[in-house]
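User: I'm new to this one, could you walk me through a few local features?
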Amino acid sequence: MLSSFFLSPLVHRGQPVLILFFHAPLWRIPGLSGKTKKPRFIVTDTIITRFPPSPTGYLHVGGARTALFNWLYARKTGGKFILRIEDTDTLRSTEESVKAIFEGLEWLGIDWDEGPFYQTKRFDIYKKYLDKLLTEEKAYCCTCSAEEVEAMREKARAEGRNPMYDGTCRHKKLPPQPGAVVRLLTPDTGSTRIDDVVKGPISIPNTEIDDFILCRSDGVYTYNFAVVIDDLTMDISHVIRGDDHVSNTPKQILIYKALDAPVPKFGHVPMVLGPDRARLSKRHGALGVMEYKKMGFLPEALLNYLVRLGWSHGDQEFFTIEDMKELFTLEAIGRSPGVFDVDKLTALNAEHMQKKSPAELLPLLLEQMTALGIPHEPEDPRLPAIIALLQPRSKTLVEMAEQTESFFVAPATYCEVAAKKNFKAGSVDVLKKVEEKLMAVEEDSLEAMESLLHSVCEEMDLKLGKVGGPLRVALTGKGQSPGMGETLALLGKERSLPRIRAAITHLEKT
């Protein structure tokens, strides 16, 4: 009877497969501990990707793009997407950051199939694999002090070589002891090859890779070791990440080889840059993704923009989430860095807003109105019509929310510039004529309000702008708004008359 098993990724004829090892009593790779039976394997085409953020801050747009690429590839192929929290930096990792990461992913709609897993809860697993490497003499204990290692590096620099550890303890066979680190025994010859699915083949001479540390003297495992064990035990088939990790990949491949484990596919995505071609930072608009929500962006618009920062499908710019799932491929990821442009994101957001129905936008708008402190009634029957009116005039939900204020709150003051331009001699007469006509209106329809405006223009022999200008300031306090017919119809007779009378009083006093 089978009591346990172990799954491990492998590439077979260009496709990922899984090897399923059966043995008892614990799941492990062959040789980890105890006696193992001859492995059997089952070929499957399951793609498994992961997103492993460090909880040392918010989820920024670069991290969100990495998560998106991994998520899309898993969804496109019918695979699995795993969330892992790399929290071994205990000094900087916070629970608040973990929550911020979850919140950002959930807002974007990036869901995960397994996890979240936490590295700090997996130390027992790391120890088993470290013990395996020590037992097989593929790793060794080192007691060289930090000062001694730095002296080795300085000597190498002085001799024109790469600064690296010189292998002093490599053959001493030192036992584990306080203050010792564990290093991987790396090859002295040959090279380590990365078959990068984005960048193409990369080869690094092994002489440029020193015997790097797997476990520090305080018992904390290094990033390169922990991430390999995590990816190995979680059956990750594809590692898609930023190209700032290229320097880590040869070391990780050497760990896989030391464990006699199959190596996943690696794909290193070019970094996102600011408009000045420098690495993206806050001054470029590299905010946490939840800040974009506060700024009124739609999650699907941000995803659309992020996917185009490094990936393309012909000349197409607008993508729904379903489009992305259907069309995304690793082969279409470019090798040039993407340049983050808030203006382009804003234009794309406006396009996504136009594609939505008023019913879809309504809950999002109400949330923004509440955040901005704009008084409103969530059940107001005018809201769908107000949204439809403002959609062509709004690039973000914040812009739309700000424009709704005039439909719910009478102006307490008038914009100085707008009043100076539109409140002129004769404006009182215009407003009084509008008041007179409006009192006779029987229904708050667009047709009735447009008829009213044309009637005022005819009787006073004025162009529509001469009537609409002072009326707009009277109704909204601003110099810009939707058309006066639509504004009057949505405000209605009962809301419009007090505003017109207040403006007349204001003008008669000045």
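User: Where is Pro116 found?
Analyst: Pro116 is found in strand 5, residues 114-118, where strands (E, at least two residues) and helices (H or I, at least four) are DSSP runs numbered from the N terminus. This is a predicted model, in which local features need pLDDT of at least 70, side-chain atom pairs count only at pLDDT 80 or more, and totals for chains, interfaces and linings use all residues. Residues are numbered from 1 along each chain as its sequence is written, and side-chain values use heavy atoms, with hydrogens and water left out.
User: And what kind of peptide bond joins Gly115 and Pro116?
Analyst: A cis peptide bond joins them, with omega at about 5 degrees. Most peptide bonds are trans, and most residues other than glycine have a negative phi.
User: On phi, what is the value for Asp235?
Analyst: Phi of Asp235 is near 60 degrees, a positive value in a residue other than glycine; Asp235 lies in the loop between helix 5 (223-233) and strand 11 (238-242).
User: Is Asp235 buried or exposed?
Analyst: Asp235 is buried, as its relative accessible area is 8% (buried means under 20%, exposed over 50%, partly exposed in between, with a 1.4 Å probe and protein chains only).
User: What about phi of Asp461?
Analyst: Phi of Asp461 is also positive, near 55 degrees, and Asp461 sits in the loop between helix 16 (446-460) and helix 17 (464-476). Asp461 counts as exposed because its relative accessibility is 70%.
User: Changing topic, which helix holds Lys420?
Analyst: Lys420 is in helix 14, residues 416-422, and counts as exposed at 70% relative accessibility.
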